Structures are given as structure tokens and as C-alpha cells.
Amino acid sequence: MNEFASVIVDISHEKVDRPFCYKVPPQMREILKPGMRVRIPFGQGNRPRTGYVIELTDESDYPMERLKEIEAVLEDADVPQQRLIALAAWMKEQYGSTMIAALKTVLPARQRVKQKETVQIRLAVSGDRAGALLAQYGQKHWTARERLLRELVREEVLPRELVLQKLHIPAATIRWMEQQGVLLQDSRPCYRNPVKAALQTGEQKNLSPAQQAVADSVLSAYDQGQRRPVLLHGITGSGKTEVYLALIEGMIKRGKQAIVLIPEIALTYQTVMRFYRRFGDRVSVMNSSLSAGEKQDQCERARTGQIDVIIGPRSALFVPFPELGMIVIDEEHENSYKSETMPKYHARETALQLASLSDAVVVMGSATPSLESYDRAKRGEFSFYRLTERLTGGQLPAVHVADLRRELQAGNRTIFSDILKEKLADCLERGEQAMLFLNRRGYAGFVSCRFCGYVCKCPHCSVSLSEHREKMRYGGRTAVANRLICHYCGYEQSAPTVCPVCHSRYILGFKAGTQQIEQQLSQLFPKARILRMDADTTRTKDSYENILSAFANRKADVLVGTQMIVKGHDFPDVTLVGILAADLSLSVGDYRAAERTFQLLTQAAGRAGRGKRPGEVVIQTYQPDHYSIRHAANQDYEAFFEEEMTYRRLLSYPPAAHILAVQTFSEKEQEAQEAAQEAAQIARQMAADGALQTVVIGPAPALIGRINDVYRFGVYIKDREYGRLVEIKNAVERMRAGQESPLGSCQFDFDPMNAY
Ligand code: ADP
Ligand code: ZN
Ligand code: ZN
């Protein structure tokens, strides 16, 4: 038995991306298991290569005399690794990528690293002395020293890793304070008593009856063997995180481990600290700034049972726990859960698959669930729970909608509506804080009328047309300046110079940026202290957290920023949130525009009034009647869902159907276009042969047709059945594999997050 092994060779090359059959030498037959890394002779020169065993069999279709033998086993594979290899195979099939790319995604890069000890930082002075030092540091404006000392007074012990990475304290500061005898560093394991720590910090909260009911119900379903995924819909600040903590504690009591996915941008010191306080050094954090060695180290700690909980962005999913019990996905609607590199997997779907391979349960939470998840919850595929009240006593804010068309008609040409100016003045007067948010997500030059709010849309796809100003050629045609193009179907027209509805001349692209807002704001309110957060001000590594902590420490009155400011911190003194142009994300040329707008507006509104004082929100828009804006203003998720679903059904967009985007690339424009045409042709043929529901759209040049001299084209294929799209993907792959020299390169994106 187990005479033959299918092995994936560790080389990134399309031609070798299939299993090769090897003989298993008799002495290896007992020990060889799928998932193991082996050394094999490969190619004509029998060069030694490494590979992964995918499968073991008793038969082979190849003639015995031509088969080579496995040379050596390089590494054992435990159950979690075998599961990850099965997961990689599923990802390759579901999302279209090479097997080796899928394996590299799920398995940590192998580097020889010394096992690093976890170093703890402890307070080494008495409380009184610490108080005196705090005052001294404050006087001298030693902000990093002050910040670290304050946290140490609160926590007593802190993991060094967390201090460096999340609290952004320089190593030199730690060293200096150690030399001064203020703190100690040691690598003793720190068995914190979670209850003691929690009592000290007031963190131990009795769950509210609503929270308790959710936690009890999920755990008792788990005990009864139910593994149906859970969706927790809870307004911002309703205590979802507290429920996750209780659930994870329940898992640990049952001898299980948990993975917690949190979007990288929300992985702040405060969030991470809540987990540390509860689980001490049984928890670890994964993030993109870790080196390959550090990531591997985390995996090793999980594998050997040193930790029970990992928190991190989507890649934390691949941390190999021996007894995985639960995967929590916070902010499950977030776009960052979709990978933008091959394989373009969605962490939510992949988590569901991993959970079913591991007998674990997935718990998803959001204030604005994705349509996909809410739809599945409604159909009973997910268990559904709701939290409808804020627990800090704060109420949901009052929302005002300012109609920018009226402002213009009344002669107001500034970025700020009258009501926003008024509310800002009041807010500053009272000494409270405000956030101004410019909604620029995925902003792509769309064209709209400032006078009536009309937006130029594709007559076929119902998404906004994008303005192309440069001269660009594609498909033998030349698109000259100011053409409007649909990036799903390639429809194009010239940009109108007067509004087709109201005939005004105020029809143009939107250009205001955060910098302009900052300028106009300081003219209006010369005394206000303003902080700006956007791509420009957050170039350096720590600037993001630095701006947030400066604002949290009341070093500014107004924070102006892009969607970056919507997530993460709680600012109890913010009582006013202004959304400057709610329409911007609404007019992005892709079908998720309304959903994204609703999410952003709801999340932004959720920032106001988190403390004791009530909050207010002003939404400025050219389209006050648009349903995503109306429902966001009323904070009515259910109504938004129903209206948006009607539209998705009508136009067969997810979740009513699925979309496969086939994307082709080449330095030669014609090659990229022909490759896309070939793919479209195969899809059309299969559509004609099979299901009537398959719709093929395009090819069309990509949203940005050329990047770094590489031309890009896309074909969109829609079908109710995901499986049909997988078949089409496989057919395109087969066609290209059969070609002597396939045209350009080709990638697949299922249910894409952005217009291509
Ligand atoms: P969400 O994750 O839904 O935004 P959080 O779990 O962060 O909500 O809770 C919001 C706020 O309410 C936090 O400040 C948290 O400390 C507090 N909170 C949560 N649960 C309770 C509770 N049972 N009792 C008192 N305060 C709570
Ligand atoms: Zn108009
Ligand atoms: Zn179109």
C-alpha cells in the first residue's frame, strides 16, 4: 500500500504546476503522509527539488520503469498542515491559481529562525514613584516615555512586541527607562492571572442579558455538535467584541483554540489590549509588518500549544492550531478580507471551508453585514443574532442631510453646507471634537451634475461611467479626451457638456481633496486645531497611529480625513461627524457602490456620540433621495438590504448571482485583447451549450487600461451557479495550457471587490 505519491514541485512555473507521480521507497511507506515536504529528483538532469505530497495511491497510470523515487522526507506533516494542504487545493479550484501559489499562501515561508522568547516589560517602581515620574515626563514633553509609563502603571506587565508594534514606543526609549530602573525586561513566561488583571483594569464586564443570550446560545449549539456559521448583526458599540471574548473563553475551557480575524487597520493597541488583558500570553498577534521568520514563529507557537488565540488580518487564518474550535471574523463586510493577489481568495469563504475541514464554527460580526452574509442568514444558512443597543449609554446620533444642490442654487460655493458650518461652530464653542470625512474610496473620475445631482451611467450595467481624459487606444479605436467608459461592458460615449436632465453647465468630475478641506476649514475657523489624515500624511510607518493618538489625546479639535478615520479608535469627545460628499463612493463604476456607501456612512455616523454626550451627524450629498443615503440617515439596515437586493436580483449581481472576472495582461495591447476575446469565446460557447443563465460581458479595457506599460483587458461572466463559473475557469485554463505560447498572462477573480 501507499506505493505511489502525487507530488507538487516547489517551482513557480505553469508547466510544472500539476502533481507528478513518484514511487515511494518501501522504508518510507509507513511514515509518508499527505502534506509532507519531500526531496525528489526532477527533470532530465534529476536535479534535487523539494515538493509537497498531495496524495498517496496504490496505482499509477505511468509505466513503472519511468517513475522516479522520492529521495527523502524533509519534514513531518501534522494534522493541521494536512488540512491546510487540502484547503490550498480547494482554493486553487475555487479561485483559480496555480497549486504552488495556493500552497505558498497557506504555508508559512520556511526560514531557519531561532525560537524567539517572548519578552515582557514590567514596572519596576512603586506606584507613588511612578506617579512622580509621570508628572516629570509630562512636563518635559517626553511623550513616548510618558505613554509607556502610563500603560505600565495600568497593566503592570506588557509584552515587548506589543509595546514596540502597537504602542509605537522606540526600542531606545525602553532601553533608557530600563537603565533608569523604571522598568525591567525579562523572558520569564508571564502567567498572568486573567481575573486579577481584569479586575485591576475594570475590564471584566458582566455581559448584558442580550450579550449573554448570544454567547450562551452559540456555545450550547456548539456543545450539541452544531457547526452552522453564526452572523452577529450589532450596531456600532453594541458590545460584539465582548461577546467574541466570552465565546473564545468558552472555547479555551473546552480545550479548543480560536482564530480572530480583524481588518489590519482596526488592529489598534486598544483592540489588541482587550485580548491580552483577557488571555494574557495565550494570545498572539499576527500582522503584515512581521518578518517571515516571525510569522513562522507564531505558527510554531500555535502548533506546539503555546498559544490558544491568534488575532490578525486574513493571513491569520493559516495559523495551524491542532484543535481549532472557532474562527471569529469581525467587520465581516470589510473589503480587505478579499485577497488582491493570486489566489484571489475571500477570507470569509475560506474560513467557512477551513472550519468545515476542522470541525470548527465560524462567528461573523458587523454593524453593516455584507449582502452576501445577510442573505445567507435570512435563508437559514447562518444562525442569526442581533444586538440593538449601545452599552456605554451613548445614543445613536441624530442625522441631518444637507442637499448640496440647494446650497449651490442658493449661492454657497464652499465645501461646507450652512448647517455643517453652524454645527461645527457650536461644537468648537462647546470645546468638543469633530471629524470631517471625505468619502473618496475607490474614487474614479465619474461625472455628475452639481445642480440636479444627475450621474452619467452605463445604460446596460447601471454603474457609473468613468471619465477617461488621456488619449488611449484600444481595440483599434482611439478614445480621445473626455470619453466616458463602462468598465464592465466597454460601452462608451462622449462626456456631456451640459446636463441632459436640467441643462445646467455644472456637470463635471469631483475634485475636492482633504487638503482643500483643511484650508477652507482653517479660513472659516482660524482658532481650530486641525489634523489631517490621508494617504499623504500617513506615508511613514507610525504616522497613522500617531495621528489617531494625537487626536485621542485632544491635541486637535477637528480631524479631517479619508475613510481611514472611520475605523478603529473610540473617541468619546467627538460629538460631530461631517460627511462631506457622501456621493463620491456612490458613483464608483462598480456594482457594490451603494453597499459601500451605506457601510461607510453608517460606520462614520457610528463615530459620533460614543461618550456621554449625544452626537450629531451631517451628511452632505447631491443625491439626498438615493436609497443608500436615505437608509443610512435613518440607520435602517433592513430597508437598505431589501432595496439593494432587488437591484442585485434584477441585474444578476452577487449575491443573486456570481461573477467571474477573467483578466488578461500583456505588454502588447493586441495580445491582451485577443487573450480576453479567446476567454470570452470559450465562455460564450459553454453558455450556449449549457445553462441559459450564463451571461458573458465584454471584453473591455480595464479601468486603468495600462499600468507600467502593461495593457489589461477584462471579461465578466455571470451565472447563478458558482460551480458553472468554476467550469468556465477550468476550460479557459485548459485552453491556455494546450497552447504552444498562450497570449499574455491571465488571472481570475471571483466575485471581484472592485471594478477591474
Ligand atoms: P462593538 O464591538 O460592537 O463595537 P464593543 O464590544 O467594543 O462593541 O463595546 C462597545 C463599548 O461598550 C466598549 O467601550 C465596551 O467596553 C463597552 N461594553 C461592552 N460590553 C459591555 C458590558 N456588558 N457592560 C458594560 N460595558 C460594555
Ligand atoms: Zn442637472
Ligand atoms: Zn456597461
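## Helix α13

Helix α13, spanning residues 371–378, is largely enclosed by the rest of the structure, because seven of its eight residues are buried (under 20% relative accessible area, with exposed over 50% and partly exposed in between; 1.4 Å probe, protein chains only). Helices here are DSSP runs of H or I with at least four residues, strands are E runs of at least two, and both are numbered from the N terminus. The buried set consists of Leu371, Glu372, Ser373, Tyr374, Asp375, Arg376 and Ala377. These residues pack against the strands β9 (230–234), β14 (361–366) and β15 (383–387) and against the helices α12 (347–358), α18 (593–605) and α20 (637–651), where contact means heavy atoms within 4.5 Å. Just after α13, glycine 380 has a positive phi of about 85°.

## Basis of the model

This is a predicted model in which local features need pLDDT of at least 70 and side-chain atom pairs count only at pLDDT 80 or more, while totals for chains, interfaces and linings use all residues. Residues are numbered from 1 along each chain as its sequence is written, chains are lettered from A and ligands numbered from 1 in the order in which they are written, and side-chain values use heavy atoms, leaving out hydrogens and water.

## Cis peptide bonds

The bond from proline 654 to proline 655 is cis, with omega near 5°. Proline 655 sits in the loop between α20 and β29 (658–666).

Another cis peptide bond links glycine 698 to proline 699, with omega about 5°. Proline 699 belongs to strand β30, residues 695–707.

## Positive phi outside glycine

Histidine 503 has a positive phi, near 65°, and is not a glycine. This histidine lies in the loop between β23 (492–494) and β24 (507–508), and counts as exposed because its relative accessibility is 58%.

Aspartate 751 also has a positive phi, about 45°, without being a glycine. Aspartate 751 is in the segment after β32 (745–750); its relative accessible area is 13%, so this residue is buried.

## Negative surface patch

Glu3, Asp58, Glu59 and Asp61 form a negative surface patch. Patch residues have over 30% relative accessible area and no salt bridge, with like charges joined within 9 Å and nonpolar side chains (Val, Leu, Ile, Met, Phe, Trp, Tyr) within 5 Å. A salt bridge is a side-chain nitrogen of Lys or Arg within 4 Å of a carboxyl oxygen of Asp or Glu. Accessible areas come from the Shrake-Rupley method with a 1.4 Å probe.

How values were computed
Lys, Arg positive; Asp, Glu negative; His and termini not counted. Charge placed at Lys NZ, Arg CZ, Asp CG, Glu CD.
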